[in-house]
Amino acid sequence: MRALAPDGVTSRPAPPPDALPHFDPDHDHEPLPPPVADLRGRIAAADAVLFCTPEYAGALPGSFKNLLDWTVGGTEINDKPVAWINVSTAVTRARHAHDSLRRVLAYTGARIVPEACLHLPVPRQLVGPDGLVHDQALRTGLLTCLTLLTEAIPTKADRAPGPPSAPPHRGASSA
């Protein structure tokens, strides 16, 4: 995605999932473990967040769920535009993982951008030795996702100062 980013769009990947400690709600307070503080800082600094995750055993992979669990106690992702790309070639299309991702992100108050959430199967053989996808149709699909997500970022005029809004209800679904 970084190779396809339009001018003015930069990305900063999340820390590797194995860098995060196992989630424990008793440790979800200041001072946060340094990798968690780094993750939350990256989310806070971002204008939008793009996820890509496989499905493992019919759900989100444990390490990815752990990453998401560390976002629940913070407010960094509240009302932030988020989307995901599903690159799975499996018959399930990672449907269960993305249903779970949608549920967790709704719980955090993230603003899911449904039109930017795409299923775009990427067979392994289309990923080059450089780690990039060179197939033009796939690159167009990836760019479409990125474009739709960036278009959902509020402009400065949309962020006009006003009274702070109440945090979202943690059980409410936003998508």
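Predicted model: local features only at pLDDT ≥ 70, side-chain atom pairs only at ≥ 80, totals over all residues.

Residues are numbered from 1 along each chain as its sequence is written, and side-chain values use heavy atoms, with hydrogens and water left out.

**The big picture**

- The chain has 4 helices and 4 strands (DSSP runs numbered from the N terminus: H or I of at least four residues for helices, E of at least two for strands).
- Of the chain's 175 residues, 34% count as buried (under 20% relative accessible area with a 1.4 Å probe, protein chains only; exposed is over 50%, and partly exposed lies in between).
- Take the contacts (heavy atoms within 4.5 Å) between residues at least 6 apart in sequence: 78% of them join residues at least 24 apart.

- S1 (residues 49-52) runs parallel to S2, joined to it by 4 bridges (strands pair if DSSP finds at least two bridges between them); here Val-49 sits opposite Val-82 in S2.
- S3 (residues 111-112) is also parallel to S2, with 2 bridges, and Val-82 is opposite Ile-112 in S3.
- S4 (residues 118-119) pairs with S2 in the parallel sense over 2 bridges, with Ile-85 opposite Leu-118 in S4.

**How the chain crosses over**

- S1, H2 and S2 form a right-handed β-α-β unit (with the strands pointing away from the viewer, the path from the first strand over the helix to the second runs clockwise).
- From S2 the chain goes through H3 (residues 95-108) to S3, in a β-α-β crossover that is right-handed.

**Where H1 meets H2**

- The axes of H1 (residues 34-45) and H2 (residues 62-72) come within 10 Å and cross at roughly 75° (axes are lines fitted to C-alpha atoms, for helices over the stretch in contact, with angles from 0 to 180 degrees between N-to-C directions).
- H1 and H2 are therefore roughly perpendicular to each other (65 to 115 degrees; under 35 is roughly parallel, over 145 roughly antiparallel, and the rest oblique).
- Val-36, Leu-39, Arg-40 and Ile-43 in H1 meet Leu-67, Trp-70 and Thr-71 in H2.
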